[in-house]
Amino acid sequence: MDFISILSIFVMACFVGYYVVWSVTPALHTPLMAVTNAISSVIIVGALIAAAAVGLGSGGATSKWLGLLAVVLASVNIFGGFAVTARMLAMYKKKAR
Amino acid sequence: MHEGLPVNSWAAFAYLIAGACFILALRGLSSPASSQRGNRLGIVGMAIAVVTTLVTHVPPMQAVPGLDFAGGFNVDAVTVIEILVAIAIGAAIGLTTARKIAMTDMPQLVAAFHSLVGMAAVLVAGAAFLNPGAFGIAADGVIFAQSRIEMGLGVAIGAITFSGSVIAFLKLNGNMGGKPIMLPGRHVINLGVLAGILGLIAWFTQDQSPWIFWTVTGLSFAIGFLLIIPIGGADMPVVVSMLNSYSGWAAAAMGFTLHNTAMIITGALVGSSGAILSYIMCRAMNRSFISVIAGGFGGDTAGGAAAAATDRPWKRGSAEDAAFLMQQAEQVIIVPGYGMAVAQAQHVLREMGDKLKEHGVRVKYAIHPVAGRMPGHMNVLLAEANVPYDEVFELEDINSEFAQTDVAFVIGANDVTNPAAKTDKSSPIYGMPVLDVEKAKTVLFVKRSMGGVGYAGVDNDVFYMDNTMMLLADAKKMVEEIVKSLD
């Protein structure tokens, strides 16, 4: 993909983000932060690429370990983020009739 | 233009689906009813992204010369096990933390999670720098100039997110005082360091030397630290939102490096989400973003203005008085603040609400945007105490109702009810939107003592009004006594 296509996706996603986030009810702003935290850990994709790569010289081995460490950190966030969001959202209940 | 990663088009399509799932996950948060489905879609999106990466990168990226991909399913078992162990360790830590964390500690948890995203971004950028071939961003070990900019920005934003979040965590967790720490000449230092980072990234496009990359990383760790230490406790909701935004931009920068649509879409979503939340928090405090960044506001110590004012006459009430007044009321609006959370009074407060409803009183809750330590914090605490979310209202939705309300019950909040924000131009909180509690027929104000003032260090005229009754006690004890008197 060339740079301009990527940039287009990015700019469009910023607009989508703007409208979607304004439509989030203020009551759910804390879960919003928790879930954005979890999804920003999609950076695990980069970590997995590094961790799965075969070593090319000394840099490759270090790179692999950095990748594996990043996988651990991103996984904490992914599992922790989604779980804590689910826990919070389960608390929001309507008036019992 | 370079080729980017040799990903096939179905993988690119899968990443796009993952990105779309993330958009829908945030969309779900427009109402509590759809929010849980949204969260599940987020999990689905993440699973798609992770599985796609594993499938496309573990076997075929093993570009061992002479080993043909078509020749069999050459999964490197060791690599797979290593990765699965790494994920399992992360999952165990993450799930345990998520299960154990108290809802009052949510701001710290979010700050800690932000720091992990920042660190992960730094590590990924470092890994990409050390082994650019694996990421498809180099030819013969020479990294493409454009990738160097993206990588440089990614590592810089990631490092700032990390060290800034660590400081935010320490301040929110109480390991570090909320008082702003002001270094002399800090603006000059900060601007100098920022200029240094940008200059080095520009140089990095010409010279791929490792020292430039690692200096950018080091300076960025330093600036994240320097930027957050002068910011006081009261501004933490803005800081947490801002770091949320940074963690998104870091992911987006790495998405540019890897040409990965899931990362770019997510980064843009999270980046705008954090930016909007920062804006909402700033507006709720009537502070400009720049002045928050400049720091120095809202420490533990109060200004001198408040001390002299406590000689003014005020009325003290008992739990029985409060119970009697509220029982007679048609409508009671409860205004909770962070002090309620500190006293852990939310559960007994909900009990009080239930008792009042039994007496035929209409009970509503009014939430100021900065009532907690992070956006929406108070709503979560009330939800945890089983307060139905349709009884909880935002400032703009309920403010007009105070004039027709018999009792405003303020518990653990102060600055957000201060009418000086509307009338006194010399007040440090002038212009901040506040809850009009003084318009209610009676104000019951639960407070530990008359001495203390809110974060802004200003006295509150509501204490001294004829229709105000001060209930001086620990918030939880006071509400417990009121509940007893309501029987």
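Okay, let's start with helix H10 of chain B: with four residues, H10(B) gives the most to the lining of the second largest pocket. Keep in mind that we're looking at a predicted model.

So what else do we know about that pocket? Its volume comes out at about 320 Å³. There are 23 residues in the lining, and the ones nearest the centre are Pro26(A), Ile280(B), Arg283(B), Pro369(B) and Glu396(B). In chain B, helix H10 (261-285), helix H16 (377-384) and helix H17 (395-398) each put in at least two lining residues. And what kinds of residues line the pocket? We get 14 nonpolar, six polar and three charged.

Let's stay on H10 a moment, and pick out Ser273(B), which sits in that helix. Is Ser273(B) buried or exposed? Buried, because its relative accessibility is 0% and the cut-off for buried is under 20%. Who does Ser273(B) touch, once we skip neighbours within four places in sequence? In chain A, that's Val21(A), Leu32(A) and Thr36(A), and in chain B it's Asn244(B).

Now, how confident is the predictor? For the complex, it gives an ipTM of 0.94 and a pTM of 0.88. Chain B has a mean pLDDT of 86, with 90% of its residues at 70 or more. But watch residues 60-73 of chain B, where pLDDT is below 50; that stretch still has 16 contacts in the model beyond near neighbours in sequence. Residues 299-308 of chain B are also below 50, with 15 such contacts.

Key. Residues numbered from 1 in each chain as written. Chains lettered and ligands numbered in written order. Predicted model: local features only at pLDDT ≥ 70, side-chain atom pairs only at ≥ 80, totals over all residues. Heavy atoms only, no water. 1 Å grid on protein atoms, 1.4 Å probe; cavity = no way out; pocket = protein on both sides within 12 Å on 5 of 7 lines; lining within 4 Å. Points joined across faces, edges and corners; volume = space filled by probe spheres on them. Nonpolar A, V, L, I, M, F, W, Y, C, P; charged D, E, K, R; others polar. pLDDT = per-residue confidence, 0-100. Contact = heavy atoms within 4.5 Å. Buried < 20%, exposed > 50% of the residue type's maximum accessible area, 1.4 Å probe, protein only.
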